Every structure is written in structure tokens, then in C-alpha cells.
Amino acid sequence: MIQTGIVLFLLIVSSFFFLVGTVGLIRMPDVFCRMHATTKSDTLGAGLALLALIVYRGFDVISIKLLLVLIFIWITNPTAAHIIAKAAYHNDQVEKR
């Protein structure tokens, strides 16, 4: 009962962050604002969704694999956002010349 409540809470909060990221992607004016809205909320939303799956499954091999996927997302998502921001910044600098 408590486990189901925790999983439900994590999934609802995860869905909220995914929704906020999607709204930010649609509503923000430029690439930097869009990137900020999506990367922060997607990282947190995916993390909470995977954490909900880990709580649901309990401690086993699949939970360890889900934890590795979570760590991979935490490493790659900010790195990809940094590279996208760097490319957009250089693209703006080239267009201004």
C-alpha cells in the first residue's frame, strides 16, 4: 500500500515535470530558453519515473540496470545541452559578423 503510494506520487511528479518541459519547449522564444526548460525538467522527470520503477520492482538486477540508465541520463543530458548551447552560441556569433 505504501509502496504503491510512493510509486504513484513519483509518477505524478514525473509527469508534471515532463508537462512543464513540453510547455517550455512550445512557449519559450529562443533556443537557449527552450533548452533550459527541456533539459532541466526532462532530466528530473526521467529520473523520477525511473525511480518509481525501481521502487516498484524492489531490489533486483533490473533495478540495478534502471539505476545505471538513470546515471547515464544524468551524465548525457547536461552534456548534450551544453553542446547544443555552444553550437547555437557560435552560430549566433557567426551570423552577427
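**Helix packing and a salt bridge in a predicted model**

Aspartate 92 sits in helix 3, which spans residues 61–96. The model is predicted. Helix 1 covers residues 2–27 and helix 2 covers residues 31–57.

**Helix 1 against helix 2**

- The axes of helix 1 and helix 2 come within 8 Å of each other, and the crossing angle is roughly 165°.
- Because angles over 145 degrees count as roughly antiparallel, helix 1 is roughly antiparallel to helix 2.
- The crossing of helix 1 past helix 2 is left-handed.
- In the contact of helix 1 with helix 2 there are 18 nonpolar residues, 7 polar ones and 2 charged ones.

**Helix 2 against helix 3**

- Helix 2 packs with helix 3 at an angle of about 175°, and their axes are 9 Å apart.
- This pair is therefore also roughly antiparallel, helix 2 to helix 3.
- The contact of helix 2 with helix 3 is made up of 19 nonpolar, 5 polar and 3 charged residues.

**Annotated transmembrane regions**

- An unreviewed UniProt entry annotates residues 6–26 and 47–75 as "transmembrane region".
- In the model, residues 6–26 are 100% helix and 0% strand, with 30 Å between the end C-alpha atoms.
- Residues 47–75 are 90% helix and 0% strand, and the C-alpha atoms at the ends of this span are 12 Å apart.

**Salt bridge**

- The structure has 1 salt bridge.
- The salt bridge joins the side chains of arginine 57 and aspartate 60, with an N to O distance of 2.9 Å.
- Aspartate 60 has a relative accessible area of 24% and is partly exposed.
- Arginine 57 is partly exposed as well, at a relative accessible area of 42%.
- Both values fall in the class between buried, under 20%, and exposed, over 50%.

**Aspartate 92**

- Aspartate 92, in helix 3, is partly exposed, with a relative accessibility of 30%.
- Between aspartate 92 and threonine 79 the separation is 13 residues in sequence and 20 Å in space, taken from C-alpha to C-alpha.

Methods. Residues are numbered from 1 along each chain as its sequence is written. This is a predicted model: local features need pLDDT of at least 70, side-chain atom pairs count only at pLDDT 80 or more; totals for chains, interfaces and linings use all residues. Side-chain values use heavy atoms; hydrogens and water are left out. UniProt positions are given in the numbering used here, feature names are shortened, and annotations may be inferred rather than shown by experiment. Helices (H or I, at least four residues) and strands (E, at least two) are DSSP runs, numbered from the N terminus. Axes are lines fitted to C-alpha atoms, for helices over the stretch in contact, and angles run from 0 to 180 degrees between N-to-C directions. Angles under 35 degrees count as roughly parallel, over 145 as roughly antiparallel, 65 to 115 as roughly perpendicular and the rest as oblique. A crossing is left-handed if the near helix is turned anticlockwise from the far one by less than a right angle, and right-handed if clockwise. Ala, Val, Leu, Ile, Met, Phe, Trp, Tyr, Cys and Pro count as nonpolar, Asp, Glu, Lys and Arg as charged, and the others, Gly among them, as polar. A salt bridge is a side-chain nitrogen of Lys or Arg within 4 Å of a carboxyl oxygen of Asp or Glu. Buried means under 20% relative accessible area, exposed over 50%, partly exposed in between (1.4 Å probe, protein chains only).
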